[in-house]
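Hello,

Here is the structure I promised to pass on to you. Have a look at it first, and then read on for what turned up.

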Amino acid sequence: MTDDVAAARAAAEERSAFSHPPVDPDVTAAYGDDPDHVIDFHAPRGGTGPAPVVVVLHGGAWRAAHDRRHVGPFAAFLARRGFAVAVVEYRRGAARADGGGPVAGRWPDTFDDVAAALDALPALIREHLPAGDPRRIVLTGHSAGGHLALWAAARHVLPAGSPWRTDAPAPLRGVVALAPIADLEVADKLGVCGGAARELLGGDDHFAERRPHADPALLLPTGIATTLVQGRADTVVPHAVAESYADAAAKAGEVVGVTLLPDVGHFPLIDPAADACAVVAEEIAQLAW
């Protein structure tokens, strides 16, 4: 496949993923004081009894241009499959002082928010999502959100003294990371999302010192069932990034599942119109039910 053909297909996949009408949640609840400190809850459609909860962390290179609303159709798709869904918002990178586009993420705010949201989630589920079972939570995320999902599941292995470290593993059934930016060093070398991984950690002056606190590939083993779903044709986050994480896990004595989908790019994983989205739901179901 020529570069032009690959680029045209990737553009078509992105258009399809963003073509769905917005989907309003059933309830939105706050987990903090900032306008971005909110979680959208989607109740399961059909079924009886409490349903597993899928927690979704959206992508967008940790930049402000994309917020949680673009994964609303994906959340609704999961709700139609019988899952309760919680879509987490978090603070992302603000515009540059020179008037350029937004940087990737905020340090430490982005990580503060994801940690706070996950800590608050069980109580918020009981209050706002009575059809969801807080004892059966699967964490998922796409692209930059996949990075945050893997990181959130690894807080108990953060370096001693890290402000986000927990004493025990998160009570998760598992993690399904979708085209995740799972290895920040490899992503940086490949220039993923215009150098977003380095920006996330504060640029050249802080990248090396902050990686042990932020890079999922350094936070292993987690002891939590983890699957990566990745398109082989992904030109946004190449599958080499996911494979590097899986290799690091294996070296740490942990088996991480990797599902590589042929002829699939970056966005079909969250596109309800794509077959790949059904594969994602099946991977989640294997951990949740």
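Is phenylalanine 267 buried or exposed? Phenylalanine 267 counts as buried, because its relative accessibility is 13% (buried means under 20% relative accessible area, exposed over 50%, and partly exposed in between, with a 1.4 Å probe and protein chains only).

Before the rest, a word on the basis. This is a predicted model, in which local features need pLDDT of at least 70 and side-chain atom pairs count only at pLDDT 80 or more, while totals for chains, interfaces and linings use all residues. Residues are numbered from 1 along each chain as its sequence is written, and side-chain values use heavy atoms, leaving out hydrogens and water.

Now the sheet. Eight strands make up an open sheet with mixed pairing, in the order S1-S2-S4-S3-S5-S6-S7-S8. Helices (H or I, at least four residues) and strands (E, at least two) are DSSP runs numbered from the N terminus, and two strands pair if DSSP finds at least two bridges between them. Strands S1 (27-30) and S8 (257-261) stand at the edges with a single partner strand each, so one side of each has no neighbour in the sheet. From one strand to the next, the twist averages 20 degrees (axes are lines fitted to C-alpha atoms, for helices over the stretch in contact, and angles run from 0 to 180 degrees between N-to-C directions). Strand S5 (residues 132-142) pairs with strand S6 (residues 174-178) in the parallel sense over five bridges; histidine 142 has leucine 178 in S6 as its bridge partner.

Helix H4 (residues 144-152) is mostly covered, with nine of its nine residues buried. Trp151 is one of these buried residues.

On to the rings: the structure holds seven aromatic pairs. Rings of Phe, Tyr and Trp (its six-membered ring) pair if their centres lie within 6.5 Å; planes under 30 degrees apart count as stacked, over 60 as edge-to-face and the rest as tilted. Phenylalanine 18 and phenylalanine 267 have ring centres 5.6 Å apart and planes at 70 degrees, so this pair is edge-to-face. The two residues are 249 residues apart in the chain. Phenylalanine 18 is partly exposed, at 34% relative accessible area.

The rings of phenylalanine 111 and tryptophan 164 form a tilted pair, because their centres are 5.4 Å apart and their planes are at 35 degrees. Phenylalanine 111 is buried at 0% relative accessible area, and tryptophan 164 is buried at 5%. Trp107, Phe111, Trp151 and Trp164 form one aromatic cluster.

Best wishes
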